[in-house]
Amino acid sequence: MDDYEIVKSKLKLPDTTPYTIQRPRVDKLIKEGFKKNFLLVIGSSGSGKTTAVTNYIRNSNLGRVVYITLSKQEKDFNIFSLYLLKAFKNVKIPLRKLLNETDRAYLLSVLFVNSFEKLKKDLYLVLDDFQNVTDSKEVMQFIAPFFSTNLPKLHIIIISQEKPPFELEKLILLKKGDIITERKLYFDEKEIKELLRYFNVKKKI
């Protein structure tokens, strides 16, 4: 594990563009999703998923937010685990003892679930670019129990270009989760006019 280098920027909120406009309509959708056990924000590259979520986080008093941007490198569960433990510094887990276990992803998940059950305040875990790790069996084994376990103080936000391989429809019907699709992220007429107004002003300067 010590051979892997932590990229600190992957554990921070991504920078947003300087011409970001206010989108109360989208903010309302995200606010409602953040209240639930999980929120999926699904859309193609460039559809504004990350910008919408990070702007909401920056403009809201949410308390503790853990943000991890995933790359294809994190398909390796060793690396994924390293970032996760780095993000949750207060979760003391002897990861080395788990590396030789056949069910290490499940065991690590159980340890995290036990830790999160003790939460007294809301905690928001944001996993961005989740599509990069969906074909990792171990990462999916780790994440799945968080959806099937009742953790009222833990809120998972997944930002992805594709829908994760979880059966979440029943939980959504029970109002324990929500999905924001790319269509809901489309700019409406008012937002487009505001964006054009910004660019016209900048052009004149």
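Angles under 35 degrees count as roughly parallel, over 145 as roughly antiparallel, 65 to 115 as roughly perpendicular and the rest as oblique. This is a predicted model, in which local features need pLDDT of at least 70 and side-chain atom pairs count only at pLDDT 80 or more, while totals for chains, interfaces and linings use all residues. Residues are numbered from 1 along each chain as its sequence is written, and side-chain values use heavy atoms, with hydrogens and water left out.

**View A. Packing of helix α3 on helix α4.** Helix α3 (residues 77-87) and helix α4 (residues 104-116) pack at an angle of about 10 degrees with their axes 12 Å apart, and the two are therefore roughly parallel to each other. Phe77, Asn78, Ser81, Leu84 and Leu85 of α3 meet Arg104, Ala105, Leu108 and Phe112 of α4, where contact means heavy atoms within 4.5 Å. Helices (H or I, at least four residues) and strands (E, at least two) are DSSP runs numbered from the N terminus, and axes are lines fitted to C-alpha atoms, for helices over the stretch in contact, with angles running from 0 to 180 degrees between N-to-C directions.

**View B. Crossing of helices α1 and α2.** The axes of α1 and α2 come within 10 Å and cross at roughly 75 degrees, so these helices are roughly perpendicular to each other. On the α1 side the contact is made by Val26, Asp27, Ile30, Lys31 and Phe34, and on the α2 side by Ala52, Val53, Tyr56 and Ile57.

**View C. The open sheet.** Five strands form an open sheet in the order β2-β3-β4-β1-β5, with parallel pairing; two strands pair if DSSP finds at least two bridges between them. The edge strands, β2 (64-69) and β5 (177-180), each pair on one side only. Strand β3 (residues 123-128) is joined by five bridges to strand β4 (residues 154-160), and the two run parallel. Leu127 has Ile158 in β4 as its bridge partner. Helix α1 packs on the sheet, touching β1 (38-42), β3, β4 and β5, and its direction makes about 145 degrees with that of β1.

**View D. Residues lining the largest pocket.** Of the 23 residues that line the largest pocket, Gly48, Lys49, Thr51, Ala52 and Phe187 are the closest to its centre. A pocket is, on a 1 Å grid over the protein atoms alone, an open set of points where a 1.4 Å probe fits, with protein on both sides within 12 Å along at least five of seven lines, and lining residues have an atom within 4 Å of a point. Helix α2 (49-58) is one of the elements that supply at least two residues of the lining, and α2 gives the most, with five residues.
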